Amino acid sequence: MSIKLSKTFLLRKLHQITGIVPLGAFFFVHIFTNSKAMSGEKAFNDAVGDIHHIPYLLFVEVFGIFLPLIFHSIYGIFISAEARPNGFDYNYGRNWFYIFQRATGIFLFFFLLFHILNLRFGAIPGLESYGNPVAGNATQAFDIVQAEFRNAGILLFYILGVAATAWHLAYGIWLFAVDWGIVIGEKAQKYALYACIALAAGLFAVGTNAAFAFVRPCGLLPQAFCSELEENKITQPNAPRRF
Amino acid sequence: MSNSNEFKEKKRLTNPPQTVDIKIQRRDKLGENAYWETFTIPYRRNLNVISVLMDIRKTPVTKEGKQTTPPVWDMSCLEQVCGICTMVINGRVRQSCSALIDDLLVSDGGNTITLEPMSKFPNVRDLKVDRTRMFEHLKQVNAWIELDGTHDLGPGPTMSQETAQERYAYSRCMTCGCCLEACPQYHDDNYIGPQAIAQARYQNMHPTGKITIDERLEGLTQEDGITNCGNAQNCIQVCPMGIPLTRAIYETNRDITVNALFGWLRK
């Protein structure tokens with residue numbers, strides 16, 4: 001048991017594992033928190049406030065999100081640069097999925113750069129969040145996002161981001177399962193792929209509905225799904241509204 | 001061949017073209033620029049790409065009437081067993097001996113057939129490539145079984161019927177290079193490729209070969225190793241011998257996860 005492992009081997013395995021945990025796991029938590037907006041302003045603002053009270057928050061943010069994200073995205077670009085796509089000559093589903101995994105990855109690099117600068121750091125001039133990001137402003141969190149999402153272009157960009165993330169993560173889970181030798185056989189891979197496609201569709205649906213929940217109560221669903229709506233409403237805003 | 005294909009072929013062959021254009025990518029020698037030449041040959045039934053190339057070799061005159069050198073290509077068995085005549089025909093890698101002109105005309109339409117050398121190997125001349133690197137890959141993964149000495153080793157170990165059948169499939173590899181040519185990850189010899197991984201798996205499955213599994217896995221965890229696989233799975237689609245290349249990759253992935261990645265937990 002003394003197999004030498006090359007640098008490339010270890011980096012690839014680290015790239016695969018960071019995509020699942022912590023980044024994939026974080027995406028589930030993120031979509032869950034966003035979905036609280038379905039129950040109204042107070043529920044969402046409370047959820048943002050709860051995140052602010054996570055112990056060792058800075059440590060969790062740096063080692064749980066930022067460092068894995070920076071590694072995964074930059075090394076992902078190096079991996080994408082190696083590709084020589086040939087989908088038109090070899091027109092097979094898995095070959096297109098291979099191309100699509102790299103295309104969504106590159107799109108997500110720019111989307112996440114925008115998203116983090118926008119809502120985490122409030123550093124995109126001209127947007128509602130400029131100088132007033134969601135992070136650190138729990139009491140205004142819902143209002144800030146709502147004001148941005150009233151711009152259809154921004155809302156569409158975020159929905160595209162959710163779609164790309166949902167696919168990249170779900171297919172990434174399939175890639176992880178085959179690359180680590182968990183799912184081996186042809187049939188097993190086919191069923192695992194169906195499961196991942198279903199997961200992608202589910203994540204996209206939930207994430208998109210959460211985004212619409214900021215501009216319309218309960219998002220795209222009938223309001224009966226969000227019966228707690230009334231009691232969650234803030235009657236006396238504890239911070240002056242900006243809009 | 002399915003009924004619909006037979007029908008299409010008949011439909012086509014009731015009105016076959018008078019001539020067929022063969023567009024060939026030429027190169028005078030390694031490192032020089034490639035250029036294209038088109039030749040026109042009279043159509044007759046049951047031509048294949050090799051017989052077309054032989055026709056062109058007899059009178060190497062291009063469509064425009066220019067006298068040129070006869071195109072160079074490799075061929076040997078002419079029955080899709082040796083793999084040496086592999087080239088890119090109408091954008092797809094395959095053996096030229098089993099590429100029938102009638103089928104190509106029906107499936108791809110038009111009267112032009114494009115021939116290119118494989119793009120992922122050094123192009124020696126015209127349609128001839130140097131596939132030495134595939135043999136280097138076999139050396140890298142120790143794709144053989146160690147036998148010590150010439151003395152009588154007694155009867156070999158027994159293996160299950162399933163193992164024997166899977167190993168037989170891997171034994172059919174003819175090192176043609178189709179899998180590497182179609183692989184979107186493989187270029188400039190940056191990846192060891194499905195062929196060598198399948199041959200490593202072939203020897204790892206053998207009861208005697210299993211003894212030296214670590215050496216083969218070490219060959220596969222190098223910089224150009226198995227983790228460069230992008231799971232596009234083109235290899236299994238183009239393999240002319242129907243070798244379960246993806247099974248070899250994923251079974252080996254499991255061996256590597258157990259023995260290499262978590263092997264230190266057994267120390």
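The contact between the two chains takes 26 residues from chain A and 33 residues from chain B, where two residues are in contact if their C-beta atoms, placed from the backbone, lie within 7 Å. Three helices of chain A, namely H1 (7-35), H4 (93-120) and H6 (152-179), each supply at least two residues of the side that touches chain B. Of these, H1(A) gives the largest share of that side, four residues. Helices (H or I, at least four residues) and strands (E, at least two) are DSSP runs, numbered from the N terminus.

This is a predicted model, in which local features need pLDDT of at least 70 and side-chain atom pairs count only at pLDDT 80 or more, while totals for chains, interfaces and linings use all residues. Residues are numbered from 1 along each chain as its sequence is written, and chains are lettered from A and ligands numbered from 1 in the order in which they are written.

Chain B is assigned domain 1 (3-129) and domain 2 (132-266), with bounds that come from an automatic or database domain assignment. The centres of these two domains of chain B, taken over C-alpha atoms, are 32 Å apart. Across their contact, 13 residues of domain 1 of chain B meet 12 residues of domain 2 of chain B. On the domain 1 side, strands S3 (86-89) and S4 (92-95) of chain B each supply at least two residues, and S4(B) gives the largest share, three residues.

The table lists both sides by residue class. Ala, Val, Leu, Ile, Met, Phe, Trp, Tyr, Cys and Pro count as nonpolar, Asp, Glu, Lys and Arg as charged, and the others, Gly among them, as polar.

| Domain 1 of chain B, touching domain 2 of chain B | six residues | five residues | two residues |
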